[in-house]
Amino acid sequence: MRTLPLIEVNQLCHDYDGTGGGIQQISFRIFKGEFILVAGKNGSGKSTLFRHLNALLMPTTGDLLVHGRSIRKDPLAARKAVGLVFQDADTQIVGETVADDIAFGPENLGLARNKIQERVDLALDALGLSQLRERNPSSLSGGEKRRLAIAGVVAMDPEVIVLDEPFSNLDHPGTLDLIACIEKLHRTGHTIVLSTHDIEKVITLATRMIILDRGRLVADDLPQALLKHLEPFGVREPCASRLGMAVQPWAS
Amino acid sequence: MTLFTYVPSTSLAHGLDVRCKLCCLSLMSIATLQGGPVPLSLITAMVAGLLIATAIRPLTLFRELKLFFLLVAMVFISRSVTTGGEPIINLWGISATKQGIVAGALLSWKFVLVMLMGIVFTKTTKPSHVKGAVQWFLRPIPFVPETRVAVMISLFLRFMPLILTQASEVSQAQQARCFHLEKNPVKRLLRPTVPLLKKTFQSADQLALAMEARSYSDKRTDPVFIRSGQEPLILALCFLVLGLSFIV
């Protein structure tokens, strides 16, 4: 029997300028332990949806409940439960050293200094950044910056981690490292919601897939069930699937 | 610039409470600007000791500060030729006086000392600790939002290199399209400035969102200060040197 949903999205609409853009009538639920892959072409509404999950944007109509509480009434609870990692790591790293940046979120939550230290150590370890704790973030590689951005969110101990296009502008080793970290976070009990254009990288990890098109949710099913129906929505079908083979995992 | 970045170590200066270091820096700066050769020699010995402890190579120091040394040389020359007194060198009708050379050397010595003290401070102090100290010093001042000021300092330190990188990228992208051939000075100024400002504002917008996503508020955990126990002794020594600078 399935437990209560962590997040419940009910008829969510967000209209930026009164012309009907943004997202429209989106409804779905997120359960503990899921790995949800969100796909769709540019402008399909993925980032807008993600910003609602973290209560950065408020619905124009409809509602979004985190643990049964509306984000309108308790946005801080939504931010504690849902960690959002943005596409551009450079503009979300605020600390002068790796450890300082990871401590930024727990400091905002007003935690005691020893608790913050504990959270920083755990996040550094989880993302494989322990050796870089005193490094200046501007000297890190693209993949390391992306892992730092995730560590900053992990240190806030959220149940759900939302990653907006985490693989953009990453080289192959950086991508593999990041996939391994995301897989580890999922294995250790985090619920993952991730958007990407190149679904081949994580489709074998995903337990569910959602496709957005022009601000609407057009498909919500098991990833394997949607593989042959992606291209009309601007999402490339993995090469192996096109050739009639099983898609291989990127991370071991 | 590598000279002004924090380098972790276990030296005496690294272990001192940042608030003590800021006080010492202020006292020594006053003593340097106020004092004559005796206190300056004392301060030089102290700064040299700290520089050796932080393991900065003299060659690296000179290379990184070559423009500063050029400025110091200009100050020295200017003082030497504009101060009245007994002329000892005469070149192309310009005389350098004995009094001018002494005054120029003293002033240059002071400038170099203040710069070296700044380097010792930045090399031995984490920017987050400076932020914490600023917050602590501002707290008693009414109507000053000390947490916000501290975060602004932190963001400035963090984003300055990013803005410089973006400026370099914009400049290179425009040079790749032969912008360096443009003769109009207004266009030369505006063309790189507009995209850079646009990028900077976009980054600021994304930064604000990212901070909000991480629950940023003014009610944050207070910074902690770690003491080595040497602070009273070091402060006393700095006060002694400051006193000497007014006497000798």
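Read along the sequence, chain B runs α-α-α-α-α-β-β-α-α-α-α-α. Its totals are 10 helices and 2 strands. Helices (H or I, at least four residues) and strands (E, at least two) are DSSP runs, numbered from the N terminus.

This is a predicted model: local features need pLDDT of at least 70, side-chain atom pairs count only at pLDDT 80 or more, and totals for chains, interfaces and linings use all residues. Residues are numbered from 1 along each chain as its sequence is written, while chains are lettered from A and ligands numbered from 1 in the order in which they are written.

## Chain B overall

The radius of gyration of chain B is 23 Å, well over the 18 Å that the globule rule gives for 248 residues, so chain B is more spread out than a compact globule. That radius is taken over C-alpha atoms, and the rule is 2.2 Å times the number of residues to the power 0.38. The C-alpha trace of chain B spans about 65 × 60 × 35 Å along its principal axes. Of the 248 residues in chain B, 21% are buried. A residue is buried if 20 or more other C-beta atoms lie within 10 Å of its own, exposed if 12 or fewer, and partly exposed in between; the C-beta atoms are placed from the backbone. Among contacts in chain B between residues at least 6 apart in sequence, 71% join residues at least 24 apart. Contact means that the C-beta atoms of two residues, placed from the backbone, lie within 7 Å.

The expected span is 1.5 Å times one less than the number of residues.

| Helix | Residues | Length | Span, first to last C-alpha | Expected span |
|---|---|---|---|---|
| H8(B) | 146–175 | 30 residues | 43 Å | 44 Å |
| H9(B) | 185–213 | 29 residues | 42 Å | 42 Å |

H8(B) bends by about 35° at Phe159(B), and Pro161(B) follows within four residues. The bend is the angle between axes fitted to the seven residues ending there and the seven starting there. Phe159(B) is also buried, as are Ala150(B), Ser154(B), Arg158(B) and Val170(B). The buried residues of H8(B) pack against H7 (127–138) and H9 of chain B.

In H9(B), the buried residues are Leu207(B), Ala210(B) and Ala213(B). Their cover includes H2 (75–81) and E6 of chain A. Ser215(B) follows H9(B) and has a positive phi, near 60°.

## The hairpin of chain B

E1 (residues 87–91) and E2 (residues 94–97) of chain B run antiparallel, joined by 4 bridges. Strands pair if DSSP finds at least two bridges between them. Ile89(B) has Ala96(B) as its bridge partner in E2(B). The hairpin has 2 residues between the strands, and Trp92(B) takes a positive phi near 45°.

## The sheet of chain A

In chain A, 6 strands form an open, mixed sheet in the order E6-E7-E8-E3-E9-E10. E6 (82–85) and E10 (216–221) of chain A stand at the edges with a single partner strand each, so one side of each has no neighbour in the sheet. The twist averages 15° from one strand to the next. Axes are lines fitted to C-alpha atoms, for helices over the stretch in contact, and angles run from 0 to 180 degrees between N-to-C directions.

E9 (residues 208–213) and E10 of chain A pair in the antiparallel sense over 5 bridges. Asp213(A) has Arg216(A) as its bridge partner in E10(A).

Helix H1 (residues 46–53) of chain A packs on the sheet, touching E3, E6, E7, E8 and E9 of chain A. The direction of H1(A) makes about 155° with that of E7(A). Helix H5 (residues 142–154) of chain A also packs on the sheet, touching E6 and E7 of chain A. The direction of H5(A) makes about 165° with that of E6(A).
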